[in-house]
Amino acid sequence: MTQLIINNLDLFSDKKVIIVHGYTASPSDNWFPWLKEVLTEQGADVIVPEMPDSSSPTPEAWAKKLMEVVPKADKNTIFVGHSLGCVVLLRHLEAICTTTNQIGGYTLVSGCDTAQVTLPELDIFMSPALDYVFLRNITEHRISIISSNDEIVSPQSSHELANSLQTEIINIENAGHFLDRDGFTRLPPVYEALKSFVS
């Protein structure tokens, strides 16, 4: 990755990247610090907001936090979500975007927008239904990264969301939920996805 950074010092110049973590997580968990470091070294302004009460989250508090952090977006703004952070960022995009091709893109890692048997406490985040057509039209750069053996968010749910949004799908075998305890303190496919948005 060091060589990669040396070769792409200005790749993300003038870009703002918002990384939205998930349930029970924080900005210092999983692959978020690594991704922030890589993108920052390549010129991006990277924000990984600490979402409030992540062990007992509410849609209202998380929506308010994102509105404080990124009240508007343009073609230089790119979003990354993990797990619960995916549906939260999509709802945020519904709230702040107004035109076609408005943002630089979004990448969803283990995303879903339907109730999960494993996480009934998060059902309140899953309704009302997302406006898929609108979310498809705000950017041409849409990628979903899905693990084949995710036991927290079902791969089927992630594929259903990806298909509804007509995202490109990157399937990764046996990656769990892309957590640090699954071995993911780095996640190069996310970086590669973002790079494809700006290359």
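**Exercise 1.** In this predicted model, find which residues line the largest cavity and sort them by class.

*Solution.* Step 1: the lining of the largest cavity consists of Ser-83, Leu-84, Cys-112, Thr-114, Ala-115, Gln-116, Leu-119, Leu-122, Asp-123, Met-126 and Val-153. Step 2: by class, this lining holds 7 nonpolar, 3 polar and 1 charged residues. Step 3: the space in the largest cavity comes to about 60 Å³.

**Exercise 2.** State how many cavities of 30 Å³ or more the structure holds, and which helix gives the most to the lining of the second largest cavity.

*Solution.* Step 1: there are 2 cavities of 30 Å³ or more. Step 2: the second largest cavity has about 30 Å³ of space, and its lining is made of Leu-108, Gly-111, Ser-144, Ile-146, Ser-158, Leu-161 and Ala-162. Step 3: at least two lining residues come from each of β5 (142–147) and α6 (155–165). Step 4: α6 gives the most, with 3 residues. Step 5: the classes in this lining are 4 nonpolar, 3 polar and no charged.

**Exercise 3.** Describe the largest pocket by its volume, the residues closest to its centre and the classes in its lining.

*Solution.* Step 1: the volume of the largest pocket is about 200 Å³. Step 2: of its 14 lining residues, Tyr-23, Thr-24, His-177, Leu-179 and Arg-181 are the closest to the centre. Step 3: the lining of the largest pocket divides into 5 nonpolar, 6 polar and 3 charged residues.

Notes. Residues are numbered from 1 along each chain as its sequence is written. This is a predicted model: local features need pLDDT of at least 70, side-chain atom pairs count only at pLDDT 80 or more; totals for chains, interfaces and linings use all residues. Side-chain values use heavy atoms; hydrogens and water are left out. On a 1 Å grid over the protein atoms alone, a cavity is a set of points where a 1.4 Å probe fits but cannot get out, and a pocket is an open set with protein on both sides within 12 Å along at least five of seven lines; lining residues have an atom within 4 Å of a point. Grid points are joined across faces, edges and corners, and a volume is the space filled by probe spheres set on the points. Ala, Val, Leu, Ile, Met, Phe, Trp, Tyr, Cys and Pro count as nonpolar, Asp, Glu, Lys and Arg as charged, and the others, Gly among them, as polar. Helices (H or I, at least four residues) and strands (E, at least two) are DSSP runs, numbered from the N terminus.
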